[in-house]
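Here are some notes to read alongside the model, grouped by element.

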Amino acid sequence: MRFGLRKGVASRPWRLSAKLLIASSVVTVIGFSAICASVMLDMRRGEEELARQSLENLASSIDSDISRNVELYDLSLRAVASSMVVPEIKDVSKTIRHLILFDHAATAKHFGAIQVFDDEGRLTIDASTLDPAPDNRSNEEFFQVHRDRPDAGLFISRPMLYRGAYAIVLSRRISSDDGRFLGVVACSIRFSYFHDLFGRLNLGPDDIITVLRRDATVIMRTPFDLDVIGKNLGRVPGVMRVLSEPSGSFSGLGALDGVPRLLVWRDGTRPLVVLVGKPWTSIFSLWRREATRMGAIMTALVSFVLGVTLFLAREIGRRALAEDKLEELATTDALTGLRNRRKFDAEIDAEWRRAARQKMPLALLMIDADHFKSYNDTFGHQAGDQVLVGIAICISDSVRRAGDCAARYGGEEFAVLLPGVSPADALSVAETIRLKVQQWSGDPAVTTVSIGVASLTPSATMEWHELVKAADKALYAAKANGRDRSVLASIPKLSLVA
């Protein structure tokens, strides 16, 4: 049995060290994880910025190529439209007229020949032949726009089947000096131009390129889908932003496949706007592999660090328990479970100093078993040991404060240290112990106890031995007055009160 042992004094530093080890390891793991996460986020932002720059360069390159060709054809259309209002053009032969109108006109394999239509939509001049076949385009959008809107300028039609091939038609109005509508000059850019242009690019499987007209009509798209060509995307979120801002980027879902993409455009003020997009999964594929690899490494390192930390903390805990056990063995009386004499001396020295600092009283009970030697000689040592254990139990049951110290002082003598207890309260505790022993034994022939009580407030010139001496004198007085009683020592005259 063990009574009155205050645990944790010796083990606290080790337990603190174990907690500190665990806390420092956790902080280290969190710190490295935060650094790793920061690096990965920087890498992610870097991948996004690199993709944005690449798409901007791609959009700029495509836009420049398309705009350059549109501008070249527009210059040819302007030249033909200007020449058509010259009065002398009607008086020259067809051959000379072709040389005048089309000698400097831009030509390419993907571009259709320039054609001139009169004010009723009839084909009158064709750059590809001196004798064009009859054709009327009065019902076409490009003709009606110029007929109804003198300020239309360069008009780019919706994708259409023109002269046997899918194409977009570029056209300009021919006006007289007084603004009267004289007809339309038009040419076409076949889809093969866009196919050839996009085919030279190294695109991913889900990369998209969309060429839009100013009214959000799809002129061309890759991957090519004829059902999408000519479709108006004005209601799609982000498209109107593309057509209203010179350049920019945003993250959006594909209008057709719903794939999340980074979408970039350049120079949305031109007649045709190029919008390029790349899936986020493709942009972050390399980053995701690196993040997975680094995450696996960090997980392994964290597991290792935490495993080692828990192992060391467990070992520190075991050492703390072992030291607690050693402390218990070194400071505890093996028979009674109370503090031993060495521990009592250390406690009274510490409490004496504290009481002197705080100007508080310090009480001491010296307890002796009455007639113990004769009882021990009569009934044997084992019976005597049981009596000592019973007295220790009565003392432990009566002394319950955390700061109190109950100890086996030596042989059949016990000591109880009561910090901050007045003489009267100390005498009350002594009586409680005496009566419990009396009740426990049941027979005065078995055993009773005599108790000497002393309580004083230490001063700078006093030592704790004076308190022990006073309690001892009170104990001797209790025995001299008939035993089985408590006696309070009067300090400093040490007169005894029964």
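1. A definition to begin with: two strands pair if DSSP finds at least two bridges between them. In this predicted model, S15 and S16 pair in the parallel sense, with three bridges. Val453 has Leu488 in S16 as its bridge partner.

2. Staying with S16 (residues 486–489), which residues are buried on each side? Ser486 and Leu488 are buried on one side, Val487 and Ala489 on the other, and both faces of the strand are covered. In general, side chains in a regular strand alternate between the two faces of the sheet.

3. Asp484 sits in the loop between H12 and S16. Its phi is positive, near 50 degrees, in a residue other than glycine. Asp484 has a relative accessible area of 23%, so it counts as partly exposed.

4. Helix H8 (residues 341–358) passes a simple length check: at 1.5 Å a residue its 18 residues should span 26 Å, and the end C-alpha atoms are 25 Å apart, which agrees. Its buried residues are Lys343, Phe344, Glu347, Ile348, Glu351, Trp352 and Ala355. Around the axis they cover an arc of only 160 degrees, so they lie on the same side of H8. As a general point, an α-helix has 3.6 residues a turn, so residues three or four places apart point the same way. Arg342 and Arg357 are exposed on the other side of H8.

5. What do the buried residues of H8 pack against? Their partners are helix H7 (285–331), S12, strand S13 (405–410), strand S14 (413–419), strand S15 (449–456) and helix H12 (464–480). After H8 comes Lys359, with a positive phi near 55 degrees.

6. Helix H9 (residues 372–379) has Phe372, Tyr375 and Asn376 as its buried residues. Viewed down the axis of H9, these fall within an arc of 100 degrees, so they line one face of the helix. They pack against strand S12 (362–369) and helix H10 (381–398). The face turned away from the buried side carries Lys373, Asp377 and Thr378, which are exposed.

7. With a relative accessible area of 49%, His371 is partly exposed. Just after H9, Gly380 takes a positive phi of about 100 degrees.

8. Which peptide bond is cis, with omega near 5 degrees? That is the bond from Thr222 to Pro223. Pro223 is placed in the loop between strand S8 (218–222) and helix H5 (239–244).

9. On cysteines, the structure holds zero disulfides. Cys405 is in no disulfide, and the nearest cysteine sulfur, that of Cys394, is 18 Å away. Cys405 counts as buried because its relative accessibility is 2%, and Cys187 is buried too, at 0%.

10. Finally, Ala424 lies in helix H11 (residues 423–441) and counts as exposed, at 56% relative accessibility. C-alpha to C-alpha, Ala424 and Met160 are 115 Å apart in space, and they are 264 residues apart in sequence.

How values were computed:
Residues numbered from 1 in each chain as written. Predicted model: local features only at pLDDT ≥ 70, side-chain atom pairs only at ≥ 80, totals over all residues. Heavy atoms only, no water. Disulfide = S-S within 2.5 Å. Buried < 20%, exposed > 50% of the residue type's maximum accessible area, 1.4 Å probe, protein only. Helix = DSSP H or I, 4+ residues; strand = E, 2+ residues; numbered from the N terminus. Arc of directions from axis to C-beta. Contact = heavy atoms within 4.5 Å. Expected span 1.5 Å × (residues − 1).
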